[in-house]
Amino acid sequence: MKKLIFLIALMMFVGCNDQLDLTNPNEPTADTFWETESDAVRASHAMYNGLIMDGTYMRMIPALTDGRSDGFKADTPWPDLWQVAAFNVPATSGPVEWVWREHYVLIYRANQILEYVPEMEIDEALKERIVGQAHFLRGLAYFNLANNFHRVPISDALPDPDEFNEPTASEEDLWQQIIDDFSDAKDRLPVSYENIDGPDQGQVGRATAGAATGMLGKAYLYREQWQNAASEFELLIPGAGESSPMEVYDLVDNFRHNFNIDNENNVESLFEVQFADPDQVGGSEMNYCCEPNSNWMQVSSQSYTYAAEGYGYSDFLPTQWLYDEFNEEQTVSGNKDPRLLDTIVSYEPGENSTTVYGDPWPYGQDEIYPRKYTHEGLPYAELREQSGINYRVLRYADILLMYAEAQNELDDRATAAQYMQQVRDRANLPDRTAEFTGFTRDEMREQIAHERALEFAIEGQRIHDMIRWGWFDESSPRYKVPELQQRDAEFNSWDTGDEYLPIPQRELDVNPNLEPNPAND
């Protein structure tokens, strides 16, 4: 089964009047729903449904993260998008509010499972898997919220009807919640659903132990707990450390296979959000928000949002700096880095790139557009808003480069160089392992930043890397805002704290315990 079905949403209502039973038999309540294995599995579907809404991975998590990086700039008439890209976003921004709202929808649905499923009389192994998935998806929701809003309230249980106003959590408590959720998920989830017994057998796309391990390591890395991060990554990398790895992940040969429909859920993917072409699953109503219905699609809008001028919205463009970074180093064959044309649409006669969506090049020869996560260059390059391309949340290449980063911070440059070179090898770049081994820690930091910029361009990673590396912190030796301003003029309007999204004003208005963040100033 390639795709999970996400068309179940749970609407929980309080009980009825003592004198008149107003229960709608078509809308289950908490008292009637949580009874069978089917109920538990349907509840898990509702969680995954939270990943394919506009405020999560359907459009706005990619757009509002890529747009704030030094590799992407706004090319849109929509004020909310160019304001985000220019670090001048108001707290009343609709897209920012959607990101907040949809992530808390996901958290609420996970909390429902964590409240009710442990008490259900169903198969214990199935129960463990569903509870593990709830921990994973709640951890992922908080990971996104922490990285985009810095500090947010923690809702780790179903709210008391009289106490909806959770206070803003401390940074330490928020990240501990993320680490705890991924740890709990890791302990409960299978490596694969292929050979399990139960109604979820063979369902590709559900969270696994590998996904939880990778995200746990990533959370440790973001908190600069280098040894803890390295230990988690070693569970995923054959030959690294003394642990016995899961040995189910590897780099795919063709980089573009990570961003098209035909090669989804491949050996490089630890976790990806499952979208479906409407021709496969039907639907007539875009899954932008709110409660799904039988007409809902399960599509991404990212491809059309990023598509080149005349072929979609063209809301963002790659920066010239990013294009130049790809051209810093040739392959061992003397060609351009192959990831360039998998990431950027550019006019390259020597690389056989002189068309767009099958048409002759319609732009100036120096114009560039996004290609990654669009349909450009693929056999199914249809010009429509709906895309079935899965969003890759975590790839094995990220595990390798994060492991290299952790080892560099632990002063093991040789190991860092070895695993960084594995990612370079896929791009057919020269073997510089010996050279990198001789780098200082700071030199290796710069090299890792360069490698990550090329490998993960237009994947929602860059702004979070920049924040955690201290590039926006004037007191940090790694402060780089003046350099970022040279790369992308949108950084000229940045002010301290603007690297985050502001807490939505609507939330501040209704929750007296919610604190603004620096981006609200």
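Are Asp54 and Arg59 buried or exposed? Both Asp54 and Arg59 are buried, where buried means under 20% relative accessible area, exposed over 50% and partly exposed in between, for a 1.4 Å probe and protein chains only. The views below come from a predicted model, in which local features need pLDDT of at least 70 and side-chain atom pairs count only at pLDDT 80 or more, while totals for chains, interfaces and linings use all residues. Residues are numbered from 1 along each chain as its sequence is written, and side-chain values use heavy atoms, with hydrogens and water left out.

**View 1. The salt bridge of Asp54 and Arg59.** The closest N and O atoms of Asp54 and Arg59 are 2.7 Å apart; a salt bridge is a side-chain nitrogen of Lys or Arg within 4 Å of a carboxyl oxygen of Asp or Glu. The structure holds 41 salt bridges.

**View 2. The salt bridge between Glu329 and Arg424.** The side chains of Glu329 and Arg424 meet at 2.6 Å, N to O. Because Glu329 lies in the loop between helix 13 (320-326) and helix 14 (339-343) and Arg424 in helix 16 (residues 413-426), the pair ties together parts that are 95 residues apart in sequence; helices (H or I, at least four residues) and strands (E, at least two) are DSSP runs, numbered from the N terminus. Glu329 and Arg424 are buried.

**View 3. The salt bridge of Arg445 and Asp442 within helix 18.** Here the N to O distance is 3.2 Å, and the two residues of helix 18 (residues 441-455), Arg445 and Asp442, are 3 residues apart, about one turn of the helix. Asp442 is partly exposed, with a relative accessible area of 48%.

**View 4. The aromatic pair of Trp100 and Phe149.** Rings of Phe, Tyr and Trp (its six-membered ring) pair if their centres lie within 6.5 Å, and planes under 30 degrees apart count as stacked, over 60 as edge-to-face and the rest as tilted. The rings of Trp100 and Phe149 are edge-to-face, at 5.2 Å centre to centre with 85° between the planes, and they link distant parts of the chain, Trp100 in helix 6 (residues 94-116) and Phe149 in helix 7, 49 residues apart. Trp100 counts as buried at 4% relative accessibility, as does Phe149 at 0%.

**View 5. The tilted pair of Tyr347 and Trp361.** The ring centres of Tyr347 and Trp361 are 5.5 Å apart, with the planes at 55°. Tyr347 is partly exposed, with a relative accessible area of 24%, whereas Trp361 is buried, with 13%.
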